[in-house]
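Q: I have just opened this one and would like a careful walk through it. Could you start with how the surface is worked out, and then go on from there?

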Amino acid sequence: MDRKELNSRDVLLNGFARLPERSVIFNKYHGAVEITIRAYRETGEIIDIDSIDLTRLQVSYLRTLLCGEEILSEEGIGRIEQLLLRNFQSSLRKPVYSGIRACRQKLEELREDEENRDNSRYE
């Protein structure tokens, strides 16, 4: 394995959120919205956020709003939900939040896999 891969402090996470079939925006977004987050592995702190499905202005605003927030704890994810609720008045707010939660789930699974791998080395 490449040393750079082993020492990477951050990780790129992708999360998808399905849209309700009856929603006005379902066809425009082909039924789902994708969110990509770059976060620190250990803390879950968001370093960057992007989405092919959002406008440049929406992505820029989300970067300003969410970079520095963390996704690993219930408190952190709750804060993100409140920030979006108060400041991101878009029909995509709920899908964006669901996509972020999906990224959180992937980070938790990654950390669990890494912990299991590390523990198995010592057995």
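A: Accessible areas here come from the Shrake-Rupley method with a 1.4 Å probe, and for residues only the protein chains shown count as cover. On that basis the chain exposes about 8500 Å², of which carbon and sulfur atoms supply 46%.

Q: What should I know about the model and the numbering?
A: This is a predicted model, in which local features need pLDDT of at least 70 and side-chain atom pairs count only at pLDDT 80 or more, while totals for chains, interfaces and linings use all residues. Residues are numbered from 1 along each chain as its sequence is written, and side-chain values use heavy atoms, with hydrogens and water left out.

Q: How many helices and strands are there, and in what order do the elements run?
A: The chain has four helices and three strands, and from the N terminus on the order is α-β-β-β-α-α-α. Helices (H or I, at least four residues) and strands (E, at least two) are DSSP runs, numbered from the N terminus.

Q: What share of the residues is buried?
A: Of the 123 residues in the chain, 37% are buried, where buried means under 20% relative accessible area, exposed means over 50%, and partly exposed lies in between (1.4 Å probe, protein chains only).

Q: And what about contacts along the sequence?
A: Taking contact to mean heavy atoms within 4.5 Å, 50% of the contacts in the chain between residues at least 6 apart in sequence join residues at least 24 apart.

Q: Which residues does N14 touch?
A: Leaving aside residues up to four places away in sequence, N14 touches E34, I35, T36, C103 and K106. N14 lies in strand β1 (residues 10-18) and is partly exposed, with a relative accessible area of 25%. N14 and R104 are 90 residues apart in sequence, yet their C-alpha atoms are 9.4 Å apart in space.

Q: Switching to charges, how many salt bridges does the structure hold?
A: It holds eight salt bridges, each being a side-chain nitrogen of Lys or Arg within 4 Å of a carboxyl oxygen of Asp or Glu. One of them joins E114 to R41, with the closest N and O atoms 2.3 Å apart. Because E114 lies in helix α4 and R41 in the loop between β2 (32-40) and β3 (46-50), this pair ties together parts that are 73 residues apart in sequence.

Q: Is R41 buried or exposed?
A: R41 counts as buried, at 16% relative accessibility.

Q: What does R111 pair with?
A: The side chains of R111 and E42 meet in a salt bridge, at 3.8 Å from N to O. R111 lies in helix α4 and E42 in the loop between β2 and β3, so the two tie together parts that are 69 residues apart in sequence. R111 is partly exposed, at 30% relative accessible area, whereas E42 counts as exposed at 62%.

Q: Where are E69 and R79?
A: E69 lies in the loop between α2 (56-66) and α3 (74-87), and R79 lies in helix α3. E69 forms a salt bridge with R79, the closest N and O atoms being 2.8 Å apart. E69 is buried, with a relative accessible area of 12%, while R79 is partly exposed at 46%.

Q: Which residues do salt bridges with shared partners join into a network?
A: D48, D50 and R63 are joined into one network in that way.
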